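Please look over the chain shown here with its salt bridges, helices and cores in mind. The briefing that follows is grouped by those topics.

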Amino acid sequence: MENSFIYQIAKDLKSYHTKVLRVENSDGFLKRKDIIAALKNFGIDVVIGTNLDLRIQYELRNEEEYCVLLSDDNTDFLPDITVNSSAIHWSLDNYFHFLHLPSIKNLDINALNKIFKHEIIIPLNKADTIKLIEKLRSESHAENEDEQENQLVQIIKETVADVPINWNIIARDLGELIKRAIKKGTLNNYAELITEVNEVFQTELEVNYKHIKNSSAVKKPKIVSKVLDYLAFNYLNAKIALIVVDGLAYWQYLLLKERLNVEATEQTIYSWIPSITQLSRQAIFRGANPFVEYKQAPASEKKLWENYWISKGIPKHQIAYFHSESLVENNLNYSKIAVVYKELDDKMHSSDDYKDLYDLTMNWLEKTSLFIDIELLIKNNFKVFMTTDHGNIEAKSWRLLVGKEKLGTNKSGSRSERHIEYTDTWLKDELFHNNPDLVNFVASEENALYFKNNLSFSNKGTLVTHGGAHVLEVLIPFIEIKNHEE
């Protein structure tokens, strides 16, 4: 990876016994904006500013992440912070003690990474350090693909073993690994790792999912049902555009991101579980827990979107909902806009495996109006947010339901083959009675069943779908796209 140097810094900072660090950094390296952003990708939030700024960030910190409070004096903190933190002196010299530091401290991250990986056994003066920099720049910039993937695997395994687990890192790096592996045709090499991560995630759901559904949305939404509350609390008086790309798995978002020519802040949230559209997308537009009897339709979503913002005091004529259509510049005279892109979900349901979906995703990225629409929204001074209702999974066959097993299973109208909902409890109970092995990998809520692993109610060798509780279906991106002036 091009960030192994930053990863090593992150590992070292995480080696302390507390998740809050009071750090003195005399060379100022950690104050660089690109370094702060890079460390954020590894779950480390670096804070600079006045004592008041540091205090506020300490109070508002995400306890899943490490908080680095940068100051000129790491003893100048109130006792409650001092007791709950570690004080350290950090220096770039710890990583490049054989080099002339003034010559390298302002290099970009990729150059620093190449120097970091280059073995240096004798001290170099300024002239020799500059020669080394020029030599490395002249060499091939390509890094071995296997090395990149191995480091992703290492990060994922170490993060899964952390307490608490930072699922934002897991979602992003697992998505990156899957994206690379699909392209190379090596996804099967990581099947065991994906299974291990999902098993840990199922334990996470058992312990914390109920709390996540009831979590506060003030600092960030943790689940789709809290997205609107987050927007209303923080941006009620601003022009807001919420983009929902139906069925966008995290690895697909990373493909999209490569073409997203804007600055974005990335977070990970939970889809509703089971991850079917009529529950999870309903939860987005309702801004609350979904209703089981809800009938999925664009008109229904439009009504939910309008009702939510009307309840917050926004006049109806300032609220708009668009479904599978390109935006038009002279039709953006609104305060709150929702835009749903459904094509990618249709491509997902027509795919036999992730290779099919990868190719269809690349085709969609070439043709979609999404990027033009985002530029148009930014141009018209909207704060733009993007998310999805659920991810997807390359599932394998458990078996197709047969005979009386299929009776009453069309209650929800879901297209998923990982989720069924019976009309009567006795039908569900009979399925379990006749197939006791289902208990090990299916969750049950009232009359609904959904898979926790990668199986499906299908006779296909593989298919791509959603509707269960697998980590690849549930952990989804929530993106704030920055206005050029921000």
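Which residue's side chain meets that of Arg-55 in a salt bridge at 2.5 Å, N to O? The partner is Glu-59, where a salt bridge is a side-chain nitrogen of Lys or Arg within 4 Å of a carboxyl oxygen of Asp or Glu. This is a predicted model, in which local features need pLDDT of at least 70 and side-chain atom pairs count only at pLDDT 80 or more, while totals for chains, interfaces and linings use all residues. Residues are numbered from 1 along each chain as its sequence is written, and side-chain values use heavy atoms, with hydrogens and water left out.

**Salt bridges**
- By this rule the count of salt bridges comes to 23.
- Arg-55 and Glu-59 both lie in helix 3, 4 residues apart, helices being DSSP runs of H or I with at least four residues and strands runs of E with at least two, numbered from the N terminus.
- Arg-55 also forms a salt bridge with Asp-80, with the closest N and O atoms 2.5 Å apart; this pair links helix 3 to helix 4 (residues 79-83) across 25 residues.
- Arg-281 and Asp-389 meet in a salt bridge at 3.3 Å, N to O, which links helix 13 to the loop between strand 9 and strand 10, 108 residues apart.
- Both Arg-281 and Asp-389 are buried, where buried means under 20% relative accessible area, exposed over 50% and partly exposed in between (1.4 Å probe, protein chains only).

**Helix 13**
- Helix 13 (residues 277-286) is mostly covered, with 10 of its 10 residues buried.
- Its buried residues pack against elements including helix 11, helix 14, strand 5 and strand 9.
- Just after helix 13, Gly-287 takes a positive phi of about 70°.

**Helix 10**
- Helix 10 (residues 191-213) has a kink of about 55° centred on Val-207, the bend at a residue being the angle between axes fitted to the seven residues ending there and the seven starting there.
- Among the buried residues of helix 10 are Leu-193, Phe-201, Glu-204 and Tyr-209, and what covers the buried residues includes helix 8, helix 9 and strand 6.

**Nonpolar cores**
- The largest nonpolar core has 104 residues, and those with the most contacts inside it are Ile-243, Tyr-270, Trp-309 and Tyr-354; such a core is a set of buried Ala, Val, Leu, Ile, Met, Phe, Trp, Tyr and Cys residues joined through side-chain atoms within 4.5 Å, and contact means heavy atoms within 4.5 Å.
- Helix 9 contributes the largest share of this core, 8 residues.
- A second, separate core of 38 residues includes Phe-5, Ala-111, Ile-115 and Ile-155.
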